Amino acid sequence: MLLPPALQARLAGAPGAAEPLPVQRDSAAGAAPFLFSPRPVRFPRDHQFFEDGDVQRHLFLQEVLTQVAEEPEKSRVPEFTCQVAGCCQVFVALEDYQHHYHMLHGNTCSFCNRAFPSGHLLDIHILEWHDSLFQILAQRQDMYQCLVEGCPEKFKTSQDRKDHMVKLHLYPADFRFDKPKTNRGPSTPGAAVELSARPLRDDEEAMEVCSEPAMLTPCRRTYSHRIPSTICFGQGASRGFKRTRKNKHQ
Amino acid sequence: MWSSRLGGPRPLACGVEELRRRRREREAALRKARREQQLVSKRLLREDVPEEAAGEGADAPLGEAEVQQFLRLAQRGTDEKEREKALVSLRRGLQHPDTQQTFIRLEGSMRILVGLLTSNRALLQLEAARCLHELSHSEQSAVAEACLPATSYLLTYLSGHSSDFIELCLYTLGNLIVESEAVRKQLVPQGIIPALAACIQSPHVAVLEALGYALSQLLQAKEAPEKIIPSFLDSTLPQHMLQLMQPGPKLNPGVAVEFAWCLHYIICSQVNNALLITHGALSTLGLLLLDLAGAVQRTDDAGLELLVCPVLRCLSNLLTEVPVEAVGGQMLLRDERIVAALFILLEFFLQKQPSLLPEGLWLLNNLTANSPTFCTSLLSLDLIEPLLQLLPLSNAVSVMVLTVLCNVAEKGPAYCQRLWPGPLLSCLLNILALSDTEAVGQSLELLQLLFLYQPEAAQAFLQQSGLQALERHLEEIQLRDRVHAVQHTALHG
């Protein structure tokens, strides 16, 4: 297809268009037996017109393999220990430590040292477990908010909330991040934390860090260890799908 | 920005011919699947297993006893390293479909895996997620459904900060979504849309690409127009997506491809495209198209059509929904650079992927149908001749080219005067020598318009034995009346 040489220059030029030529239609133009009239065409989802492009898209999805290899490519470093107070985990690869740090220290409650997978769940936890005002308000109004982000519902008790999450949101009844409040760990600031130092079994009290007591100052309310999401330990998650086209179109 | 993709050619056991054959087979299988509306493709994050190693016991299936043993060791082992190794072995085994079946049939296996997924041991968590990812690749919906107990956790982890982990969860979710309607039925009430809306604010490109993939699978579902797209449009996702598709130095091609396909599935479902237009979809996509046309000239990247195709589709479909009174307000519709860009992309398709030419011509039709501006652009930018060069390619392409030319011709004498004299008439005579009814029919429409508004063209037609060329089509019922009418117009003006 031989494109006029000025076309590329036009593309790089300013927006706008030449004044349109005058339109002047003759009524004989669209008369029978002729059928044509100009119209934009719309194609719905499953139209056959899209077949070729869809097939190309799916070939692409199928062909792609990531180049992220497993252990051999991790950044090996001399063994080091997590520096967070009380954490005793040891690492030999930065990626492992990055994941550990985010998962277990990223959203940690400064009152009771429980770790949560997200800031959202941490906030709710602090509110419900460590805020005495919450307890007072909860006697008069529905304060237990649904844990599912985007759901505005609130409930009188944590059990009602759980029922809602199970029935409406199809969450498991034993959802790990909705444990009822227990007497482990302090619910008011100021009390010393006395967590056992034994390694915890995975199926109990998920996300609790095995630690020695942390020193807590009294009357600290909403301070929490929240790591900005951009912290990435110098690795940068720029991996993505690195495409290897095994064969080129020729 | 559009730098060539990473990863050069890898030495492979099979030759180029073998690869081509396999690709043709896969292409045929995909076409069949699409016709049966069973188009399912997934992405797998896994280390590259060289083709030669397959079948050497590298992925031999695990027996029930082995699966049980690995699970027990992972759950109860005392040494951390041992537990991790057990999970790694399980994961490798799960690459095999037989092992996947064995695993899901084993009572309590998913419970244990979910327990490890939510444990306080980060590395075990990661390996457990990788096991789930392997399971998600299964082509048996029963396996996908066996993963249902894990979905609430996968969604919860999307709000975390460990980007590698989030990426893994997203690809796993995307795979599960496309495999099973039961999974989708659970994920929507579990809040996948708000979870993705929170996740799309991640600064990590890899996460965004994974998110786009998962979302595209969700939006492609057959029940999406009723069950998923409305809540999607209610969320903040559309604005964020369009934001991430703005051309510029920060645009990532991998991310853009996924989101472009998401937009296509939304737009062609015709749920509420007016909303997307108010969010600026037309101008974002138009600017992106200009950008792509520029990129095509700079690089030889054969992968660009993956992005061009959905962008073209979105624009074409959206154009049908701009109300007449709003046309003037859309900058895109007064900017002839879009026509220039489209032709550059048509040329690109001609070289790299001719099967996509009809899609480009579709956009050209929608741009020109009701637009004297763009019809004038075709003339003033000298694009009629390049357009005619596409005629011989196929009947489908001919019909579309002729339709665009009709769009121009029907605007009146000022336009037809620029269509002839020129190569148009001899091209039309060539078309008349064909037997494809639709192409001939469209050329009759064009001839009628041309003769009406540019009578001298009729003279030339007669002199070039046009009447005889018309004769042979008199026997075709669909053409007969129009052939008579064109003959009459040519002879009597």
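Residues are numbered from 1 along each chain as its sequence is written, and chains are lettered from A and ligands numbered from 1 in the order in which they are written. In this predicted model, local features need pLDDT of at least 70 and side-chain atom pairs count only at pLDDT 80 or more, while totals for chains, interfaces and linings use all residues; side-chain values use heavy atoms, with hydrogens and water left out.

Chain A contains six helices and six strands; here helices (H or I, at least four residues) and strands (E, at least two) are DSSP runs, numbered from the N terminus. Read from the N terminus, the order of elements in chain A is α-α-β-β-α-β-α-α-β-β-α-β. Of its 250 residues, 45% count as buried, a term that means under 20% relative accessible area, with exposed meaning over 50% and partly exposed in between (1.4 Å probe, protein chains only). Among the contacts in chain A with a separation of 6 or more, 43% join residues 24 or more positions apart, a contact being heavy atoms within 4.5 Å.

Chain B has 30 helices and zero strands. Its C-alpha trace spans about 100 × 50 × 40 Å along the principal axes. Of the 493 residues of chain B, 63% count as buried. Residues 24 or more positions apart provide 74% of the contacts in chain B with a separation of 6 or more.

One pair of helices in chain B may be followed in detail. Two packed helices are described by the angle between their axes and the distance between the axes. Helix H27 (residues 437-453) of chain B packs against helix H30 (residues 477-492) of chain B at an angle of about 25 degrees, and their axes are 10 Å apart. Axes are lines fitted to C-alpha atoms, for helices over the stretch in contact, and angles run from 0 to 180 degrees between N-to-C directions. H27(B) and H30(B) are therefore roughly parallel to each other; angles under 35 degrees count as roughly parallel, over 145 as roughly antiparallel, 65 to 115 as roughly perpendicular and the rest as oblique. The residues that make this contact include Val440(B), Leu444(B) and Phe451(B) of H27(B), and Leu479(B), Val483(B) and Val486(B) of H30(B).

Ser152(B) is placed in helix H8 (residues 151-157) of chain B and counts as buried, at 0% relative accessibility. Leaving aside residues up to four places away in sequence, Ser152(B) touches Tyr171(A), Pro172(A), Phe175(A) and Gln190(B). Pro253(B) belongs to helix H16 (residues 253-268) of chain B and is buried, at 14% relative accessibility. Pro253(B) and Leu304(B) stand 51 residues apart in sequence and 8.5 Å apart in space, C-alpha to C-alpha.

The cysteines complete the account. A disulfide is a covalent bond between the sulfur atoms of two cysteines; the criterion used is a pair of cysteine sulfur atoms within 2.5 Å. A search of the whole structure finds zero disulfides over all chains. The sulfur of Cys109(A) has its closest cysteine sulfur in Cys112(A), at 3.7 Å, which is too far for a bond. Cys109(A) is buried, with a relative accessible area of 0%. Cys146(A) is likewise in no disulfide, the nearest cysteine sulfur being that of Cys151(A), 3.7 Å away. Cys146(A) counts as buried, at 1% relative accessibility.
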